[in-house]
Amino acid sequence: MYMLSLGLASAAYSSSSDLAQPTVPTERLSSSPDIWLTKGFLSPAEVKHLRTKVPADEAAYAPCIGQVDEFESKRCAFVPVAGDPLAEALVARLGEAWRVDTSRLVAAGLPLIRYLPGAPPVGKHGDEDRHGVVPNATLVLYLTGSDPAHPAGQ
């Protein structure tokens, strides 16, 4: 399974610091914590395009920050964005929908998490970066679906 996991730490398009509800149509799955499902945020063409940019070389993947021991079956890499008009437009749309500055995502790429076959389920947890900073919100975009009822692009 491939997914993009983006920590959203600053509200650049709004004076509000509440990033819980995006400006696009959503379904609220939970209010504590706030969890929203945005169906079809990525079109099938966008999913297909992003999947062509997923690194094929195993050397591009490394254990995810702070999770070397906990998740042997989880690897992280980046999907390049800069210079790709479709990827740059997608990142701009993410910024508008969640009212955040996405310039670092264009420069550094989209953080990609790959779960290897047989990976155990990931339980409820909090995200933080390598410096211990906890984001206001985490946005997860699935590039693969677990079954036909849960297609990619959500």
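Predicted model: local features only at pLDDT ≥ 70, side-chain atom pairs only at ≥ 80, totals over all residues.
**The overall layout**

Let us start with the big picture. The protein has three helices and seven strands. Reading from the N terminus, the order of these elements is β-β-β-α-β-β-α-α-β-β. The chain holds 154 residues, and 34% of them count as buried. The accessible surface of the protein is about 9100 Å², with carbon and sulfur atoms supplying 55% of that area.

**Salt bridges**

The protein has four salt bridges.

| Pair | N to O distance |
|---|---|
| Lys39 and Glu27 | 3.6 Å |
| Glu46 and Arg93 | 2.6 Å |
| Lys53 and Asp84 | 3.0 Å |

Take the pair Lys39 and Glu27, a salt bridge with its closest N and O atoms 3.6 Å apart. Lys39 sits in the loop between β3 (34–37) and α1 (44–53), while Glu27 belongs to strand β2 (residues 27–31), so this bridge ties together parts of the chain that are 12 residues apart in sequence. Are these two partners buried or exposed? Lys39 is exposed, with a relative accessible area of 58%. Glu27 is partly exposed, at 36%.

Next comes the salt bridge between the side chains of Glu46 and Arg93. This one links distant parts of the chain, since Glu46 is in helix α1 and Arg93 is in helix α2 (residues 85–98), 47 residues apart. Glu46 counts as buried, with 12% relative accessibility, while Arg93 counts as partly exposed, with 28%.

The side chains of Lys53 and Asp84 also meet in a salt bridge. Lys53 is part of helix α1 and Asp84 is in the loop between β5 (74–79) and α2, so the pair ties together parts that are 31 residues apart in sequence. Asp84 has a relative accessibility of 10% and counts as buried.

**Where two helices meet**

Helices α1 and α2 deserve a look of their own. Their axes come within 10 Å and cross at roughly 115 degrees. The crossing of α1 past α2 is left-handed.

Which residues make up this contact between α1 and α2? On the α1 side they are Glu46, His49, Leu50 and Lys53, and on the α2 side they are Leu86, Ala87, Leu90 and Arg93. By type, the residues of this contact divide into four nonpolar, one polar and three charged.

**A residue to look up in the loop**

Finally, find Arg99 in the loop between α2 and α3 (103–108). Is Arg99 buried or exposed? With 15% relative accessibility, Arg99 counts as buried.

How values were computed:
Residues numbered from 1 in each chain as written. Heavy atoms only, no water. Helix = DSSP H or I, 4+ residues; strand = E, 2+ residues; numbered from the N terminus. Buried < 20%, exposed > 50% of the residue type's maximum accessible area, 1.4 Å probe, protein only. Areas by Shrake-Rupley, 256 points an atom, 1.4 Å probe, with all protein chains shown as cover. Axes fitted to C-alpha atoms, helices over the stretch in contact; angles between N-to-C directions. Left-handed = near helix turned anticlockwise from the far one by under 90°. Contact = heavy atoms within 4.5 Å. Nonpolar A, V, L, I, M, F, W, Y, C, P; charged D, E, K, R; others polar.
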